[in-house]
Amino acid sequence: MATAAKRQKVDEGADLLHDFLQWCDKVSLHLSEKVCVCQEGTVADYGMLAKADIKEGEVLFTIPRSALLHQRTTAVSALLQKEAASLQSSSCWVPLLLALLYEYTSPQSDWKPYLSLWPDLRRLDHPMFWSKEERDRLLRGTGVPEAVDKDLSNIQREYEDVVLPFMTRHPDLWNPKTHTLELYTELVAFVMAYSFQEPQEDEDGDEEEKPPNPPMMVPMADMLNHVSDHNANLEFSADSLKMVSVRRIHAGEEVFNTYGQMANWQLLHMYGFTEPYPNNSNETADIPAANLHKAAMQEARSDSERAMVEARWETLSGMTQDREAFIFSEHGCLTDSELHTALKVFCMSEEEFSDFKDNEGWEEDDEDEEQISQAFSNDGLPGLKPSWKQLIHEAARLTLQSYGGGEDRDRMLIKDNAALKGLSSRQQRALQVRFGQRRILCRLMELTGS
């Protein structure tokens, strides 16, 4: 019975894929003869394989902008544009999500063959769909549970405060009984996992930072799977988007796009998957700034010293309100300037700190960015001042403690394929996140140890 059900699922998927490819022809989405979209031989449900050798720089497919799905191409675009002021939110996703709510449930949608490829959004397995107990148990210390809790709170607030009042004003197009908070949350995960954002154009002389472009759904491009060592990239032009090979792809190889330089915790949080160890070259681990503060407090030996640490922490908090953590990669600290400032403030003398406050910072730093970057690389960390190394070492130790026990077991599991196969998919993905972060923190402790 299980085999019959699996075959039926494959057959249904093949029919949906056939309808989608016919739709591609209809909307002038051109697919190279050297590639094919399929379900077998790829790392996920759907993917793209090379049918012939592909050279670097070849166009694999071209998507006209009219085939993109977003708030300006949906059938309800005029209404969304008219009421744009009422749809503003911190995420900036509401117009696209309202377009998706409408198109996903409309039998007449122009994008029905595309959207039907994902007939059951409940198959999305982002941590937001795990139980809170499972998130907190499997992903403790990684930062993912906190990120998901924040997401779910924001989604609910956005739905109740912005989306629901809008739908209530337009009952002919949206129905809260159909377009529920549950469906809205699933579509948020769909956008997180499959949407694209067009990069901002760099205009000479324009120093003002612009907000990011809103997300959009890009049929065909979102079927390509991600790896760090990708072989294709999406390029944007005025009238179309093109997927272009960035290196030679041999016949039979899968075509991979990239979602950017993403650590496994980001891939799991936003896309619902991870890259197995040691494939992800973009792994990172965060040390909460609060742990550096805690490490400094542990070094204080008297009430006056503790008061001085608190004063320095207050000063730093005012300077770096948007820096909640220091980020470390396999090669060193990625937020080296911020960490340099924090260590300098925590470890300076009373007289230096007094001057620092009076001057509202340093008048001129004698170390340039390149020097700082080198100092906080893996090669440079052992040569830091002992007091700086001690704070980093202790902050890393405190961060490792937040994961709870099981470090030795994780290290054993990650290299035992038989044991890995015995884990559920969620346990496997959580293991990849934990192990990657712990590995960086353990290495950091080695580099800053006595």
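In helix α9 (residues 289–299), the residues Ala289, Asn291, Leu292, His293, Ala295 and Ala296 are buried, where buried means under 20% relative accessible area, exposed over 50% and partly exposed in between, with a 1.4 Å probe and protein chains only. Helices (H or I, at least four residues) and strands (E, at least two) are DSSP runs numbered from the N terminus. The cover over the buried residues of α9 includes β11 (284–288), α10 (303–319), β12 (325–329), α11 (336–347) and α14; contact means heavy atoms within 4.5 Å.

This is a predicted model, in which local features need pLDDT of at least 70 and side-chain atom pairs count only at pLDDT 80 or more, whereas totals for chains, interfaces and linings use all residues. Residues are numbered from 1 along each chain as its sequence is written, and side-chain values use heavy atoms, with hydrogens and water left out.

Helix α14 (residues 386–401) packs against helix α17 (residues 425–448) at an angle of about 150 degrees, with the axes 9 Å apart. The axes are lines fitted to C-alpha atoms, for helices over the stretch in contact, and angles run from 0 to 180 degrees between N-to-C directions. The angle therefore makes α14 roughly antiparallel to α17, a label for angles over 145 degrees. From α14, Lys389, Ile392, His393, Ala396, Arg397, Thr399 and Leu400 meet Arg438, Leu441, Cys442, Leu444, Met445, Leu447 and Thr448 of α17. The residues of this contact comprise eight nonpolar, three polar and three charged; Ala, Val, Leu, Ile, Met, Phe, Trp, Tyr, Cys and Pro count as nonpolar, Asp, Glu, Lys and Arg as charged, and the others, Gly among them, as polar.

A nonpolar core is a set of buried Ala, Val, Leu, Ile, Met, Phe, Trp, Tyr and Cys residues joined through side-chain atoms within 4.5 Å. In the largest such core, of 77 residues, Phe61, Leu98, Tyr114, Trp174 and Phe190 touch the most other members. A second, separate core of 39 residues includes Ala295, Phe346, Leu381 and Ile392.

Phe190 has Leu124 among its contacts beyond four places in sequence. These two residues lie 66 residues apart along the chain, and their C-alpha atoms are separated by 7.6 Å.

| Residue | Location | Relative accessible area |
|---|---|---|
| Leu124 | loop between α4 (112–115) and α5 (132–138) | 10% |
| Asn257 | strand β10 (residues 254–257) | 1% |

Beyond four places in sequence, Asn257 touches residues including Phe196, His226, His230 and Met243.

Technical notes. Angles under 35 degrees count as roughly parallel, over 145 as roughly antiparallel, 65 to 115 as roughly perpendicular and the rest as oblique.
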